Amino acid sequence: MDDYLAGFGEEPGYLDYARVGPLARVAVEEDLAFAQVLERARHGSMDAFRDQDRRLRDAASALTGVAADRIVAIPNTTTGLMHAMFGLTGTVLLSPGEFPSVPIAAVRANEALHSVQPAWLETDHGKVTPGLIRDQLEANVAAVAVSLVDSRTGYLCDLEGIRQVIGDRLLVVDAIQGFGIVDAPWEAADVVVTGGQKWCRAGWGTGVMALSERAAERLTPVFSGFTGTDDDEVWDEVPPPAAGARAFRVSNPDPIAGARFAAALEELAEVGVEAVNARVAENVSRVIDLADEFAVPVVSSRDERERAGIVVLEPEPEQVTVLTASMHNHGLTTTTRLATVRLSVHAALDEETVEMLRGAFVSFNTAASY
């Protein structure tokens, strides 16, 4: 854990991992090493790039429990969601309040192919729960799509509970707001899609999509490119897509991005996601306690079973700008969205950041009292 925490190189005041995680030290080192290999192109060195796809899939397999041959590298979460939605046939139940990548993918698939129809789930203030899904689950629903952690509310959904109520329907999970800090029951999902640029701190251009055997059988690989066949290169013919996750490859994955993500996941496997989650939970509680001390309203869940790394503050509407300015003026990096201020807290939380946050709350209370 000490080595893992030492890999956080960002300056004090950074509380925005739900937007982007500053690169982990291991990811930076891997990126530099492979950039130098590519720069010099020494005889025989280029073969190392070919190995990174398997390395990434093995690393993702170790964290998810999904076999490496049912995992495919993708450049970002949205690409995986587009693969899933365009590959579905039937009705998909989802909340219109999910991060836009999810509902937009479903609507685009419907507009283009007419093979999938979105059914809009009514939520409990943004929370997608097994009970709500059960009550709104129609017989024609073929799949349910959810975010592991809601980007606006910070709510951690109950994948096992959802699996119990949907039966053998496909469960598509946008995992990016929890992947790397939540030890989720991945076996409950059929499609797990994530990028590595947030909590895994692996930078942009990184991601994986993991498929259950059921998903591999039911999804149509609409965007299956020349590397999505059973052979590495195919000439003078157009063969069918490969069976399984490989079919969802569009082109060769970026090997340097794959190396960064693999290094980050290997480090997570070594320290343990459960241990990282415990540190995140402790730090989130500390931030909530500090907000309570200054009577700044916290609207995200206080229950550790329903949260990951996101704390959402919702002052009076006329005070949102004041709170945002207080955060900015004290050197804190946060996100203001839809009349809320979102703090996202990782396993590393130094005392200087805590004092900066305290100062921001003091300034906010002083300004708000006038």
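Me: Buried means under 20% relative accessible area, exposed means over 50%, and partly exposed is in between (1.4 Å probe, protein chains only). Which residues in H11 are buried?

Reply: Val273, Val276, Val280, Ala281, Asn283, Val284, Val287, Ile288, Leu290 and Ala291. This is a predicted model, where local features need pLDDT of at least 70, side-chain atom pairs count only at pLDDT 80 or more, and totals for chains, interfaces and linings use all residues. Residues are numbered from 1 along each chain as its sequence is written, and side-chain values use heavy atoms, with hydrogens and water left out.

Me: What is H11, and where does it run?

Reply: H11 is a helix covering residues 273-293. Helices (H or I, at least four residues) and strands (E, at least two) are DSSP runs, numbered from the N terminus.

Me: How far does H11 reach from its first C-alpha to its last?

Reply: 30 Å, over 21 residues. That is close to the 30 Å expected at 1.5 Å a residue. The expected span is 1.5 Å times one less than the number of residues.

Me: What covers its buried residues?

Reply: The cover includes helices H1 (2-6), H4, H10 and H13 (351-368). Strands S8 (310-313) and S10 (340-344) are also among them. Contact here means heavy atoms within 4.5 Å.

Me: And what follows H11?

Reply: Alanine 295, with a positive phi near 55°.

Me: New topic. How many salt bridges does the structure hold?

Reply: 20. A salt bridge is a side-chain nitrogen of Lys or Arg within 4 Å of a carboxyl oxygen of Asp or Glu.

Me: Which side chain meets glutamate 30 in a salt bridge?

Reply: Arginine 55, at 2.6 Å, N to O. Arginine 55 is in helix H4 (residues 52-64) and glutamate 30 is in helix H2 (residues 25-40), so this pair ties together parts 25 residues apart in sequence.

Me: Is glutamate 30 buried or exposed?

Reply: Glutamate 30 is buried, at 18% relative accessible area.

Me: What does glutamate 266 pair with?

Reply: Arginine 55, with the closest N and O atoms 2.9 Å apart. Glutamate 266 is in helix H10 (residues 255-271) and arginine 55 is in H4, 211 residues apart. Shared partners join Glu30, Arg55 and Glu266 into one network. Glutamate 266 itself is partly exposed, at 34%.

Me: What about aspartate 58, which partner does it meet?

Reply: Arginine 54, in a salt bridge of 3.0 Å, N to O. Both lie in H4, four residues apart, about one turn of the helix.

Me: How accessible is aspartate 58? And arginine 54?

Reply: Aspartate 58 is partly exposed, at 35%. Arginine 54 is partly exposed, at 43%.
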